[in-house]
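Look at the sequence and the 3D model below. The paragraphs that follow go through the sheet, the helices beside it and the core.

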Amino acid sequence: MVLAELLAEEAEVARLRLGRRIDGIAVSGNNVDCRFADRNGRRHGLRLDCRDFDADPPRLFVVSDTGEVLAGDSWPPGLSAGEHPSLHRPWVCIRGTYEYHVHHSHTADNWSIHRQDIRLADLLSHLLEKCGC
């Protein structure tokens, strides 16, 4: 119950802060889904899997309109950093994502240092910037 309340609060803050940059944000279980359109009008979906938030940072997935997890070549332009060397799936090199903090070159940049400063609204804003939005 505590995680559900935390995610609901985080999503509401993100909705208010991101405003017209997003089409919507929804919490479903441990997931926070954010819909947006890039500068070319193409719609995208970001899913933050927050199963252990905020003890661990959220895991990032890009999803279709139906919620299907998309391969890296279907990610918004400029977002994917290729295949993660240990997770073997697409990832983005942005502090505050699980994938960033478990990457071998970022293990010294521990999530515990940032967990009070990087909230979901901050992370989503950074992701949107990376997509040119």
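Two strands are said to pair if DSSP finds at least two bridges between them. Helices (H or I, at least four residues) and strands (E, at least two) are DSSP runs, numbered from the N terminus. This is a predicted model, in which local features need pLDDT of at least 70 and side-chain atom pairs count only at pLDDT 80 or more, while totals for chains, interfaces and linings use all residues. Residues are numbered from 1 along each chain as its sequence is written, and side-chain values use heavy atoms, with hydrogens and water left out.

The predictor's confidence in each residue is given as pLDDT, from 0 to 100. The protein averages a pLDDT of 96, and 99% of the residues score at least 70. Among the elements, the lowest mean pLDDT (95) belongs to helix H3, residues 111-114, and the highest (98) to E4.

Start with the sheet. Strands of a sheet pair through backbone hydrogen bonds, either parallel or antiparallel. Here an open sheet of 4 strands has the order E1-E2-E3-E4, and its pairing is antiparallel. E1 and E4 stand at the edges with a single partner strand each, so one side of each is left without a neighbour in the sheet. On average, neighbouring strands of this sheet are turned by 20° against each other, direction ignored.

The pairs can be taken in order. E1 and E2 are joined in the antiparallel sense over 5 bridges, and in this pair serine 28 stands opposite asparagine 31 of E2. Two helices pack on the sheet. For their directions, axes are lines fitted to C-alpha atoms, for helices over the stretch in contact, and angles run from 0 to 180 degrees between N-to-C directions. Contact means heavy atoms within 4.5 Å. H1 packs on the sheet by touching E1 and E2, and its direction makes about 175° with that of E1. H4 also packs there, touching E1, E2, E3 and E4, and its direction makes about 145° with that of E3.

The next pair, E2 and E3, is antiparallel over 7 bridges. Arginine 35 has glycine 45 in E3 as its bridge partner. These two strands form a hairpin with 5 residues between them, and in the turn glycine 41 has a positive phi of about 85°.

E3 and E4 run antiparallel and are joined by 5 bridges. Leucine 48 has leucine 60 of E4 as its bridge partner, and aspartate 49 has arginine 59 of E4. In E3, 6 of its 7 residues are buried, and in E4, 5 of its 5 residues are buried. Both faces of E4 are covered, with Arg59, Phe61 and Val63 on one side and Leu60 and Val62 on the other.

Helix H4 spans residues 120-130, and its buried residues are Leu120, Ala121, Leu123, Leu124, Ser125, Leu127 and Leu128. An α-helix has 3.6 residues a turn, so residues three or four places apart point the same way. The buried residues of H4 pack against helix H1 (2-18) and the strands E1 (24-28), E2 (31-37), E3 (43-49) and E4 (59-63). Just after H4, glycine 132 takes a positive phi of about 80°.

Leucine 127 is buried, with a relative accessible area of 0%. Not counting residues up to four places away in sequence, leucine 127 touches Leu46, Leu48, Leu60, Leu79, Val92 and Ile94. The C-alpha atoms of leucine 127 and valine 92 are separated by 8.6 Å, although the two are 35 residues apart along the chain.

A nonpolar core is a set of buried Ala, Val, Leu, Ile, Met, Phe, Trp, Tyr and Cys residues joined through side-chain atoms within 4.5 Å. The largest one has 28 residues, and those with the most contacts inside it are Leu46, Leu48, Leu79, Leu124 and Leu127. H1, E2, E3, E4 and H4 each supply at least two residues of this core. Its largest share, 6 residues, comes from H4.

Finally, turn to helix H3, where histidine 114 is found. Histidine 114 is buried, with a relative accessible area of 13%. Leaving out residues up to four places away in sequence, histidine 114 touches Arg95, His101 and Asp109.

Note on methods: Buried means under 20% relative accessible area, exposed over 50%, partly exposed in between (1.4 Å probe, protein chains only).
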